Amino acid sequence: MPDLRSFTIRPMTMTDIDQVMVVEHSAFEVPWSQRAFENEMSSNQFASYFVADFEGKIIGYCGIWVIVDEAHITNLAVLSGYRGYKVGESLLRHVMLHALSQHAHSVSLEVRVSNQVAQNLYRKLGFRDGGIRKNYYSNNGEDALVMWVRL
């Protein structure tokens, strides 16, 4: 059981992508490609990504786009073995504060309808159900629940 009191959240850098890919593959059946992260970091002016760093090891990350006064969480993942220690909650709180600092008034995200653990976290931080995106996930056609929070 790791003692995670000392993990820090900081902006992601290009040199973090290799470790972020480990987290990505640990968390998702259909992971983003390394190229997708490189494009987000280098070419998307709206994107900001943050990592949870524990003693030099990336144990989680979260991405957000802030466009005018709305923000959208692109992804949130925690390395298996470090789940249940509030790493995801800390990352989510951090990106919500980042969105607020960039003058966003709301944050949205999509989550699998079957992912009750994530939905519970989002509801804990004030997110509410906003609708369903039918057949959103390409690997199995699962619907996505759209959730929103006003900042």
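Helix α3 passes helix α4 in a right-handed crossing, meaning that the near helix is turned clockwise from the far one by less than a right angle. The model is predicted: local features need pLDDT of at least 70, side-chain atom pairs count only at pLDDT 80 or more, and totals for chains, interfaces and linings use all residues. Residues are numbered from 1 along each chain as its sequence is written, and side-chain values use heavy atoms, without hydrogens or water.

The axes of α3 (residues 87-101) and α4 (residues 116-124) come within 11 Å and cross at roughly 45°. Axes are lines fitted to C-alpha atoms over the stretch in contact, with angles from 0 to 180 degrees between N-to-C directions. Helices are DSSP runs (H or I, at least four residues), as are strands (E, at least two).

G88, E89, L92 and R93 in α3 meet L121, Y122 and K124 in α4, with heavy atoms within 4.5 Å as the contact limit.

The largest pocket holds about 1,200 Å³ of space. A pocket is an open set of points on a 1 Å grid where a 1.4 Å probe fits, with protein on both sides within 12 Å along at least five of seven lines; lining residues have an atom within 4 Å of a point. F28, L76, N115, A118 and Y122 lie nearest its centre. Strand β4 gives the most to the lining, seven residues.

| Lining class | Residues |
|---|---|
| Nonpolar | 20 residues |
| Polar | nine residues |

Notes:
Grid points are joined across faces, edges and corners, and a volume is the space filled by probe spheres set on the points. Ala, Val, Leu, Ile, Met, Phe, Trp, Tyr, Cys and Pro count as nonpolar, Asp, Glu, Lys and Arg as charged, and the others, Gly among them, as polar.
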